[in-house]
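Hi,

Here is the structure I promised to pass on. Have a look at it first, then read my notes on its aromatic rings below.

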Amino acid sequence: MKTTTWRWMAGIALVSFGMTAQAADPIKIGSVLSVTGPAAFLGDPEAKTLQMYVEKINKDGGVLDRPLELVSYDDGTDASKANSFTKRLIYDDKVDVIIGGTTTGATMSMVPLVEQAEIPFISLAGAVVVIDPVKKWVFKTPHTDRMAAEKVFEDMKKQGLTKIALISETSGFGQSGKKESEIVAPQYGIDIVAQETYGPKDTDMTPQLTNIKNNPNVQAVLIFGLGQGPALVQRNYKQLGIKLPVYESHGVCSDEFIKLARDAAEGTRLPCAALIVAKDLPDSDLQKPVVTAYAHDYQQRWKSDVSTFGGHAYDALMIYVDAVKRAGSTDKAKVLDALNTTQGVMGTGGEFNLSPTDHMGLDLTAFRLLEIKDGKWTLVD
């Protein structure tokens with residue numbers, strides 16, 4: 001029989017999904033996610049996804065004849081809390097793996113702890129700094145900010161857009177995206193002629209956008225951020241009557257973004273995982289069975305739309321389960337070796353092929369370029 005317990009500590013939820021003591025010793029899956037706070041529309045589907053698939057795997061017999069037990073903490077989009085909860089997962093809960101770090105800031109606060117404790121850690125954050133340079137025990141499933149910039153600039157080049165404005169969030173993800181955009185822009189003949197920033201909790205970006213509007217050289221705008229901020233930027237953008245093409249990063253690949261930005265999202269282009277357009281993929285697409293199955297399961301269970309962020313959690317869990325099965329053990333060193341030899345694991349983000357020098361295992365083809373038309377996601381390519 002499966003048991004579910006909820007405990008509340010200082011307003012932070014600890015959720016444990018496992019099996020009764022009559023079963024074999026559980027494989028403990030630890031997670032720290034931003035279920036509340038500015039990054040909640042990323043962390044909430046991640047938490048729901050892990051809960052759903054831990055239960056599903058247990059119903060199907062577990063892994064190596066052992067049940068999974070999920071121990072999850074909500075960091076409230078606070079990197080310092082992510083650090084504290086990681087210590088608790090490692091030293092008190094004694095988990096076998098940690099999945100999470102919804103944001104780059106949270107993830108990077110967790111990295112030194114998992115490296116010191118030598119425990120597999122699969123991050124759900126976007127910035128390339130998570131896995132570049134490679135860290136022995138750290139992996140990630142989302143596409144990187146560098147890849148997002150490359151995909152955007154690739155399309156801008158096709159559209160003949162060479163002079164752009166970049167408005168980035170002051171979060172870890174936003175500033176990493178800013179840095180990576182500056183690095184790769186010249187490779188695509190893109191000149192960043194204006195730059196502005198905004199804070200994750202800012203509610204009015206009109207001054208920054210007015211500066212961009214008054215710059216006659218700007219041909220298009222790239223917004224690099226996550227959570228609610230980019231939607232507010234676009235609403236201010238529309239209010240100012242700016243007509244230039246708008247691009248976003250993969251940090252907003254969720255129906256929640258369209259709901260928040262409303263009609264201001266119309267025409268926006270951005271790179272996303274295939275999950276967001278699962279039904280529109282051709283039947284010949286090898287990823288379609290995975291993303292349509294995940295979308296069906298999530299919508300049936302939670303009665304809500306899927307997002308790529310929940311998909312990142314699915315991919316992380318499946319990559320870990322695959323590694324444990326191949327290792328034949330939860331021994332951390334053996335699982336690490338298995339993670340480093342992961343090949344051909346098809347996830348919602350693409351086909352993962354990991355190695356000791358590549359702890360993400362995706363290339364640019366894993367991204368789909370989308371455009372928002374009539375309030376819906378549509379495939380550009």
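**Aromatic pairs**

I count eight aromatic pairs here, where rings of Phe, Tyr and Trp (its six-membered ring) pair if their centres lie within 6.5 Å; planes under 30 degrees apart count as stacked, over 60 as edge-to-face and the rest as tilted. Before you go on: this is a predicted model, where local features need pLDDT of at least 70 and side-chain atom pairs count only at pLDDT 80 or more, while totals for chains, interfaces and linings use all residues. Residues are numbered from 1 along each chain as its sequence is written, and side-chain values use heavy atoms, leaving out hydrogens and water.

Take F153 and Y188: their ring centres are 6.5 Å apart and the planes meet at 50°, so this pair is tilted. F153 sits in helix α4 (residues 145-158) and Y188 in the loop between α5 (172-184) and β9 (191-198), so the pair ties together parts 35 residues apart in sequence. (Helices, H or I, at least four residues, and strands, E, at least two, are DSSP runs numbered from the N terminus.) F153 and Y188 are both buried, meaning under 20% relative accessible area, with exposed over 50% and partly exposed in between (1.4 Å probe, protein chains only).

Then there's Y294 with Y314: centres 5.5 Å apart, planes at 55°, so that pair is tilted. Y294 belongs to helix α9 (residues 288-302) and Y314 to helix α10 (residues 308-327), so parts 20 residues apart in sequence are tied together. Y294 is buried at 1% relative accessible area, and Y314 counts as buried at 14%. Ring pairs also link Y53, Y294, Y298 and Y314 into a cluster.

Cheers
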